[in-house]
Amino acid sequence: MKDSLLLKALSVFLFVVILVLSCTIPFYFESPSMFYKFGMEKVLLRTGKIFGLVTFVLLIFQPLLAGRFVFLDKVFGQDKLLLFHKRFAIVLLCFAVFHPVFILWAENFSFFPMEKRYWPAFLGIFLLNLIILMVLSSIFRALIGLRWHRWIIVHRILAPTIMTFAIIHVLRVSKPFESGMPNKLLLGAAFFLGFVFIRKWLLTTALFKKKYQVVRVKSAAKNAWSVDLEAFSNTGIEFSPGQFAYIMPIGKNIAKEEHPFTIASAPGKISSLQFVIRSCGDFTNQIPQLQVDDTILIDGAYGNFCHVLLDEKTPLVMIAGGIGITPMLSMLRAMAKSRDDRKIILIWSNKTKDHIIFGKEFLDLDAQIKNLRIYHVLTRDLNHQGTFNRIDKQSLMAMLKGFDPKAPVFLCGPPAMVEHVKEMLKFQEFSSHRVYTESFVL
């Protein structure tokens with residue numbers, strides 16, 4: 001974990017260095033338009049150029065964050081990288097909007113003549129509109145009724161288009177980038193982006209995915225299904241307990257879409273995998289329609305939401321909401337196999353008893369893992385004996401009574417629940433640096 005923190009700090013430092021160095025270009029490589037500006041006009045023009053360069057740097061990092069690079073996944077975790085990707089998009093949009101505003105401000109808002117020689121500037125305006133379209137359609141996708149499978153197609157078309165136009169715009173609109181060091185850096189960025197996009201495209205094909213076959217689909221609880229897979233060869237994916245994979249079904253009865261799900265099975269026989277999926281959307285509602293012998297393409301495994309990264313004797317707290325139990329299930333299955341005797345508390349919130357997946361297996365795990373204690377929270381089954389009906393300060397204090405607040409906490413569930421529990425854990429004096437979360441909101 002210390003190595004991970006060091007790598008995180010180093011990665012952030014390198015990103016900041018690249019960002020700062022890009023902001024120095026308008027100072028050390030002045031364009032001819034700067035020669036005729038003085039005072040506030042020069043400040044405004046230079047600021048506009050800096051906004052433009054920051055926008056370009058953030059654009060370069062966007063496909064890197066979403067490119068499923070294993071080395072970045074090990075440092076930050078795929079869910080955090082996608083969160084950065086979304087937040088960078090909003091920041092990027094703001095800088096992209098302010099870029100032309102400051103440029104025009106320096107010119108007293110007198111617009112360029114409609115002449116052919118100003119085509120790089122008009123390309124920039126078109127590019128800005130594409131960025132606005134891409135970011136706003138992503139933020140308000142649910143509000144405007146844009147379904148995920150259509151949105152992702154638009155996203156995958158717009159992304160390389162925006163990158164290509166951005167490179168052409170920077171190359172042609174500013175003299176310093178036509179030669180010298182800025183030109184070499186720009187061309188280097190172009191080659192890097194080409195590599196990332198080609199790699200990302202290859203990941204969407206079957207070429208770099210493992211091929212599995214559905215061997216069983218059965219009900220695991222109310223509105224939840226377990227899907228058991230077997231690799232076509234004996235070379236399935238290797239994974240650690242708690243990791244996830246992207247799955248893409250190839251069948252007649254289900255959409256050919258790629259989505260991330262936690263691997264519920266424990267590591268061992270790498271040719272076998274199990275996923276437990278709750279019906280809660282367009283794609284997941286189709287899971288019961290999977291047929292035996294349907295093909296599933298797997299890309300993974302990803303994620304660092306895993307107990308094996310900690311010391312073997314470290315006590316653990318696990319808090320899950322609904323289907324967020326799946327990474328904990330994988331961890332507990334692995335612990336039962338290895339006869340792990342550390343102290344573990346599992347707090348699991350569900351709507352009713354019928355929503356508890358693999359209820360009997362959890363009773364078996366409770367018996368097999370010597371120091372495991374399970375607390376069930378049933379939010380809509382108030383009369384059920386031996387359970388709490390909500391996770392609040394009082395119930396959490398009761399469930400964690402006597403437990404070391406220095407213990408790491410694995411927390412997974414709906415985003416609102418995760419944030420609520422994190423605040424309550426602070427009240428219980430658990431360190432926020434030891435609370436590990438994982439959630440995907442696509």
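Predicted model: local features only at pLDDT ≥ 70, side-chain atom pairs only at ≥ 80, totals over all residues.
Local features need pLDDT of at least 70, side-chain atom pairs count only at pLDDT 80 or more, and totals for chains, interfaces and linings use all residues. Residues are numbered from 1 along each chain as its sequence is written, and side-chain values use heavy atoms, with hydrogens and water left out.

Student: How many helices and strands does the protein have?
Tutor: Helices (H or I, at least four residues) and strands (E, at least two) are DSSP runs, numbered from the N terminus. Counted this way, the secondary structure comes to 12 helices and 11 strands.

Student: What share of the 442 residues is buried?
Tutor: Buried means under 20% relative accessible area, with a 1.4 Å probe and protein chains only. Of the 442 residues, the share that counts as buried is 48%.

Student: Is H5 roughly parallel or roughly antiparallel to H6?
Tutor: Axes are lines fitted to C-alpha atoms, for helices over the stretch in contact, and angles run from 0 to 180 degrees between N-to-C directions. The axes of H5 (residues 78–106) and H6 (residues 119–139) come within 10 Å and cross at roughly 150 degrees. Angles under 35 degrees count as roughly parallel, over 145 as roughly antiparallel, 65 to 115 as roughly perpendicular and the rest as oblique. The crossing therefore makes H5 and H6 roughly antiparallel.

Student: How many nonpolar residues are in the contact of H5 with H6?
Tutor: Contact means heavy atoms within 4.5 Å. Residues including Ala89, Leu93 and Pro100 in H5 meet residues including Leu128, Ile132 and Ile139 in H6. Ala, Val, Leu, Ile, Met, Phe, Trp, Tyr, Cys and Pro count as nonpolar, Asp, Glu, Lys and Arg as charged, and the others, Gly among them, as polar. By class, the contact of H5 with H6 has no polar, no charged and 13 nonpolar residues.

Student: How is H9 placed relative to H10, and what is the angle?
Tutor: H9 (residues 326–338) and H10 (residues 359–368) pack with their axes 10 Å apart, at an angle of about 45 degrees. That angle makes H9 oblique to H10.

Key. Buried < 20%, exposed > 50% of the residue type's maximum accessible area, 1.4 Å probe, protein only.
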